[in-house]
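Here is a short briefing on a structure with its sequence. Look at it once as a whole, then go through the points below.

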Amino acid sequence: MKFGVVVFPGSNRDHDAWYAVSKILGQQAEIIWHDATSLGDVDALILPGGFSYGDYLRCGAIAKFSPVMPSIRKFAADGGLVLGICNGFQILVESGLLPGALVRNRGLKFVCKLVPLRVETTNSPFTSEASQGQRLLVPVAHGEGCYVADDRTLDRLEAEDRVTLRYIENPNGSLRDIAGILNEGRNVMGLMPHPEDAAEPLMGSSDGLVIFQSMVSALVAAR
Amino acid sequence: MTPQVISQQVIEAHQLTEPEYDKIVSLLGRDPTYTELGIFSVMWSEHCSYKSSRIHLKKLPTRSKLVLQGPGENAGIIDIGEGYAIAFKIESHNHPSFIEPFQGAATGVGGILRDIFTMGARPIAVMDAIRFGPLDIPRNRRILEGVVSGIAHYGNCFGVPTVGGECMFEDCYNGNPLVNAFALGVFRKDEVFYGKAQGVGNPVIYVGAKTGRDGIHGASMASAEFTEESKQKRPNVQVGDPFLEKLLLEACLEAMQTGAIVGIQDMGAAGLTCSTCEMGSRAGTGVEIDLQYVPQRETGMTPYEIMLSESQERMLLVADKGREAEVFAVFHKWGLDAVTVGRVTPDGILRVKDHGQVVAEIPNRALADEAPLYDRPHTKPARLAPLEAPPIPDRSAPGMLRADLIALLRSADLCSKRWIWEQYDYLVRSSTLAGPTADAAIVRVKETGTSIAMSLDGNGRYCALDPREGTKLMVAECCRNVSTSGALPVAATNNLNFGNPERPEIMAQLVESIEGMAEACEFFETPITGGNVSLYNETLGEAIFPTPVMGIVGLMKTAQPTPIHFPEAGLNLILLGGFGTCDETHFGGTQYAKVILNSLWGLPPGLDMAYEKRVHQAIREIVLGGLAAAAHDVSDGGLAIALCESSFGPAGIGAHVEIPLGMRPEFPLFHEGPSRILVATSQFENVLEVARKNSVKALPIGVTMKERLRIDCGSETLLDCDLTELRQPWETSLERLLRQQ
């Protein structure tokens, strides 16, 4: 399978994502520059962590206007798998591909730590290889990762089984402990934790790998 | 800002002495212009010229089989095998961090990162050694919070993991905090770039941020004592933009791949001045630039201001003539300014023009190599504390040990620094094998099978008692940290933070410290490949403790690291190196003396370097042989604190240990004698065998056990308590100290 890792000026976990899918999972992975107008023949997209365009104004707010965005929207609309991690999640939310918003952590400070997550649903191409309720130890590293949305949106996300991951120990004040969500089509997921930094034992945890493995399984099944 | 007449006053304002000014006149054969005077003043400042320390720095060992580049370049370089090399260096940003903590610390990180990637290396780790005055003074809390968020802001956005460091407190840093930032990068060893302006006729290209009025005279500010007026120097502090630096990093590394770049140097202290004359001086060429082409952020800047600006995130490079377009294309892809501002000339002269008119014309050598060199008078280091021990009260009554241990765990120096390091992204690049809680941080080089272990250490208290021995202890400790992780220490970088070198007793501290460092680095085979000297760390005539800080780098095969935390109950505990010896005189520099007795006296702990080195060898064999379930260096706070730190892991495993009879219990529990490492093992005999083979002691002192820490002495139980009683104060103390009103 071929993953595309979208790189914006200021992305800094692009290499981590690339490493996890290519070196650890043995898939093809290519870098897609922010001014690309075509995504080529990739099977899935990853929007990596970092500080796209310096995260000036608001995290992800400038990235949504980048030249590559129309292609990403189209790719998502056509059912392509899009995974937004950290800044990637912020960009997906800013672009309206996912509901809600990510605001300053409740503690007002950047927080980097390993946190336990719970898999809330396996009914998604990003979590199908995990088991329901499975505990995953995955790091967070962000200053603006507090997920917020109005009650109606949150109720709807839950009713439609679109909350994929919740924090067991909430590091940022996210409402209802939400760590990761799906779009309506279930082909776009955003999450604040970094599965690419918990992808082999040397990283201190390999629990995050299941996210990428699920994506590969989904792509294989779709062929 | 532009008085054209160079009066006595103007010379003094530039911190040049009369003989220095006379030397300028004789080098030029005429009076300097105002711009030239400014250029000389920064290049000849202590910060840039090392004029007080240079003759002593020559005593340091700088070579080994692995050293590819020693001092004198932007960073030192070490061969790590498989065709790869690492570049690393430490640098201080003390003065700016006092004046404006957030930007001061942020630009300190930015500056050291540029030193690394200007050589072509991609930064893969940052560490910081930071020191402040006591936290009961509100200003110190503000400085700490500002410095930490500045470091976090810059490193996190840039995308380099901040993997470790240290944070200590002492009265002497009140009004003169120390912020020493270390960075390390990796590259192919055949792709190293140097700051040389080679090839007459080649274009000199300016890239990165526009030049503004920020940071003018930063280098000379860092070369003077603090007075009341210093607070008005806020405009001298630069403002950093980590996003721009990230773009600069990617653009520079990509541009280097074109093969069109001949030489490159960052614009750090003394900005355009330093980069132009150093690049020319290294290559034996001249550089001619015209300031009209320099991208400017503000209008109406004078040549003086442009030359002395320390605006951040700028680079100067020399490209192959005719291949400029390739270089420009890369920088434009990353949205950065890149313009030709001049060319390399054959005459060895730095010639600065403004719209064609010459405003400065100085032989490069005069600036870079003819800087004054002082052998400043030095007496014996002043004793900063009495030699004699005060009466040490008997604190062996039941319950007192527990109270004292908690007081130590709660102290600013020893408490958990989680509040600090959780603000740092220590995981980005997914290469951090051991992070901020480890004795040494370990970062793997993904392209090879090698990992780099690194540790930063300093101990102002030991050095205050004896700069020479204190410095040797620091080198030993740093090497011990690296060895405890299983790595072989191979090289070092140093940051020498001292007071005013014009005072003979301060100069004596510097000389003693450098000589101690030379001896220890020679002995432990860790040559110094670069570093930084920060003098004039005084506020209102009060000098800091002599505070050298060491960064030591070690190499190891990439493997799962050995934790410092006890993983399970029932393991044997061995004190590798033994209990060590202690008497009242050598107890005066300990954390116990500081926190419990509120005192400093005597001498630092005694060090036997040969024994220390054997302990390093033994622990490496133990760790690499997979014999240790956990290993932790015994240092600040002594054995009791090491036991606590190893007990505060995720598994909640404590220990039951016995200390020897015959000494007062404070000594074995809290003395800080070197050459000791706590090892938890299920392979007791094998560990003893390795120790025997290396002729070092290995004392069984107890076992690990669930949830408790118990310390016996003979038939008496000195301490028996639940880990949470100890852990809670340790974990929450720093936040509490910062929240006090």
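The points below go from whole chains to single residues.

This is a predicted model: local features need pLDDT of at least 70, side-chain atom pairs count only at pLDDT 80 or more, and totals for chains, interfaces and linings use all residues. Residues are numbered from 1 along each chain as its sequence is written, while chains are lettered from A and ligands numbered from 1 in the order in which they are written.

**Chain A**

- Chain A has five helices and 11 strands. Helices (H or I, at least four residues) and strands (E, at least two) are DSSP runs, numbered from the N terminus.
- The radius of gyration of chain A is 16 Å, close to the 17 Å that the globule rule gives for 223 residues, so chain A is as compact as a globular protein of that length. This radius is taken over C-alpha atoms, and the globule rule is 2.2 Å times the number of residues to the power 0.38.
- Along the principal axes, the C-alpha atoms of chain A fill a box of roughly 40 × 40 × 35 Å.
- Of the 223 residues in chain A, 55% are buried. A residue is buried if 20 or more other C-beta atoms lie within 10 Å of its own, exposed if 12 or fewer, and partly exposed in between; C-beta atoms are placed from the backbone.
- Strand 1 (residues 2-7) of chain A has five of its six residues buried, so it is largely enclosed by the rest of the structure.
- Strand 1 of chain A runs parallel to strand 2 (residues 28-33) of chain A, and six bridges join them. Two strands pair if DSSP finds at least two bridges between them. A:Val6 has A:Ile32 in strand 2 of chain A as its bridge partner.

**Chain B as a whole**

- Chain B has 25 helices and 28 strands.
- Its radius of gyration is 26 Å, close to the 27 Å that the globule rule gives for 741 residues, so chain B is as compact as a globular protein of that length.
- The C-alpha trace of chain B spans about 90 × 50 × 45 Å along its principal axes.
- In chain B, 64% of the 741 residues count as buried.
- Helix 3 (residues 34-43) of chain B has 10 of its 10 residues buried, so it is largely enclosed by the rest of the structure. Among them are B:Tyr34, B:Glu36 and B:Phe40.

**Where the chains meet**

- 22 residues of chain B are in contact with 23 residues of chain A. Two residues are in contact if their C-beta atoms, placed from the backbone, lie within 7 Å.
- On the side of chain B that touches chain A, helix 8 (138-158) and helix 10 (242-257) of chain B each supply at least two residues.

**A six-strand sheet in chain B**

- One open sheet of chain B has six strands in the order 14-15-16-21-17-18, with mixed pairing.
- Strand 14 (432-434) and strand 18 (528-534) of chain B stand at the edges with a single partner strand each, so one side of each is left without a neighbour in the sheet.
- Strand 16 (residues 450-458) and strand 21 (residues 547-557) of chain B run antiparallel, joined by nine bridges. B:Ser451 stands opposite B:Met556 in strand 21 of chain B.

- Helix 19 (residues 504-523) of chain B has 20 residues and should span 28 Å at 1.5 Å a residue; its end C-alpha atoms are 28 Å apart, which agrees. The expected span is 1.5 Å times one less than the number of residues.
- Helix 19 of chain B is mostly covered, with 14 of its 20 residues buried.
- Just after helix 19 of chain B, B:Glu525 takes a positive phi of about 60°.
- B:Arg468 lies in helix 18 (residues 467-484) of chain B. B:Arg468 is buried, with 21 other C-beta atoms within 10 Å.
- B:Arg468 and B:Glu512 are 44 residues apart in sequence, but 4.9 Å apart in space, C-alpha to C-alpha.

**A seven-strand sheet in chain B**

- Another open sheet of chain B has seven strands in the order 23-25-22-26-24-27-28, with mixed pairing.
- The edge strands are strand 23 (630-633) and strand 28 (716-722) of chain B, each pairing on one side only.
- Strand 23 and strand 25 (residues 677-681) of chain B pair in the antiparallel sense over four bridges. B:His632 stands opposite B:Leu678 in strand 25 of chain B.
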